[in-house]
Amino acid sequence: MPPKLRVAERLTAPPELASYLEGLEEPHIVFDRRYRIVAANAAYRRQYSPSASVLGRTCYEVSHRFAVPCDQAGESCPFAKTRESGQRERVLHLHHTPQGEAYIDIELTPLADASGEAVLFVERMAPLRTAQGQPAQQGLIGRSPAFREMLEQVARVAPSEASVLLLGESGTGKELVARAVHEASDRAAQALVVVDCASLPETLFEAEVFGHERGAFTGATTTRTGLAETANGGTLFLDEVGDIPLAMQVKLLRLLESGTFRRVGSSELRRTDVRVVAATHRDLGAMVADGRFREDLYYRLATFPIRLPPLREREGDLALLAEALLARVAPKRRLALSPAALARLAGHRFPGNVRELRNVLERAALFCDGPVLEALHVERALAAGLPLSRPALAVEAPARSLREISRQALRERLAAHGGRRADLARELGISERTLYRRLRELDTPEGEPR
């Protein structure tokens, strides 16, 4: 039950509560039923309003730069959920801060008066450091509903000790998500150790993961610490866990269940404290049915499964990703994508997902001599990769008209821009009048007169 407080309808918070929040490292505020901030700790003031007082202002104006409450501006609102449930609630927000947009894990706690009615609300804000809502040099990038649903699950599970199983197609960024889980956990100060299960033959897997003693086998001239021991106190990331040899799976299960293992060539039982995050593009359920993957290991790994959406399901993220990836593959050139080039990218299904998008952009940058990538450069880059992508295109992607491709590109630019329409028109190299005409066309179904 929330604590009961006698609080009048005025812009103050109990001094004991304000004093307690002041010493917390994460940003905290207290606001009333009208969204007005009545207390804010130093961490919040530094992050969201370093040069102006926040008292008396609304939380949505300071934290988000919104003129209306979050749920009226297209964001999920913990306040609305808390008022309905009367309990503590959590959501993942895309905050609009002075430093840019950032994903924040919000926890809202209602404080009741003597009659039991919630009159004040304490909001805690914890940044999800490896995820961005705008182009960035590192980390996960996206704004689409599918991407945000995935991030919400990361924010939920990261502070726990539960094993996480990342499921997704090749190229969807499973290692980046594993890093996001690690960095949002209590183990972030320790190591994230990656085990590339697909590259380890059965003869080397045990020695790499558990270590070996000197003389344990031919070539073992020294004692070697295994990756499971190296990750002690941190996170062990088992990439492509579906490729672990069946004979090794029982030893991995013992490690997960008891934290114990033996080095190759030793009878000494050792211990390590690791949190396991695993990833695979394979259908582990089918592998269990076929006897190629242990059922008990599957359930031990899949305590909290997270599905990573393929790029084709991340509507609106292509423009954001393309801008960020261009800065990564050609950091000294400051390349931009023309609207026609973005439209051509939007017409491709990208069976290789974000990894394929990065490769296409890197090839297109090599074909381009100027500051702007045009559709021709993208076309040449896509053609260079057709031997692998043509079958997926033939099966998955029906042909789309040029008009529909252009529409999709404009939708993605709108979703990514977030600023004034005049600025967007300038970026696209068209007049505001032309831009508004094209926006009206978005509401006109394909094939109907305009």
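**Figure 1. The whole chain at a glance.** Of the chain's 450 residues, 48% count as buried. This is a predicted model, and its secondary structure comes to 19 helices and 18 strands. Take the contacts between residues at least 6 apart in sequence: 63% of them join residues at least 24 apart. The chain exposes about 22,200 Å², and carbon and sulfur atoms supply 49% of that area. A search of the whole structure finds 24 salt bridges, and the next views visit some of them.

**Figure 2. Glu107 and Arg124 pair across two strands.** Here Glu107 forms a salt bridge with Arg124, with the closest N and O atoms 3.6 Å apart. Glu107 belongs to strand 4 (residues 100–112) and Arg124 to strand 5 (residues 118–127), so their pairing ties together parts that are 17 residues apart in sequence. Are these two residues buried or exposed? Both Glu107 and Arg124 are buried.

Figure 3. The side chains of Arg156 and Glu152 meet at 2.7 Å, N to O. Both residues sit in helix 5 (residues 145–157), and they are four residues apart, about one turn of the helix. Arg156 is partly exposed, with a relative accessible area of 38%. Glu152 is also partly exposed, and its relative accessible area is 26%.

**Figure 4. Arg224 reaches Glu208 from a strand to a helix.** In this view, Arg224 forms a salt bridge with Glu208, and the closest N and O atoms are 3.1 Å apart. Arg224 lies in strand 11 (residues 224–225) and Glu208 in helix 7 (residues 202–210), so the pair ties together parts that are 16 residues apart in sequence. Arg224 is partly exposed, with a relative accessible area of 40%.

**Figure 5. Five residues share one salt-bridge network.** Which residues are joined by salt bridges that share partners? They are Glu26, Arg90, Asp105, Glu107 and Arg124.

**Figure 6. Glu240 is buried and has no salt bridge.** Look for Glu240 in the loop between strand 12 (235–239) and helix 9 (246–258). Side chains of opposite charge can pair when their charged atoms come close. For Glu240, the nearest side chain of opposite charge is Lys174, 4.4 Å away, while a salt bridge needs the nitrogen and oxygen within 4 Å. Leaving aside residues up to four places away in sequence, Glu240 touches Lys174, Cys197, Ala198, Ala279, Thr280 and His281.

Terms used: Residues are numbered from 1 along each chain as its sequence is written. This is a predicted model: local features need pLDDT of at least 70, side-chain atom pairs count only at pLDDT 80 or more; totals for chains, interfaces and linings use all residues. Side-chain values use heavy atoms; hydrogens and water are left out. Buried means under 20% relative accessible area, exposed over 50%, partly exposed in between (1.4 Å probe, protein chains only). Contact means heavy atoms within 4.5 Å. Accessible areas come from the Shrake-Rupley method with a 1.4 Å probe; for residues, only the protein chains shown count as cover. Lys and Arg count as positive and Asp and Glu as negative; His and the chain ends are not counted.
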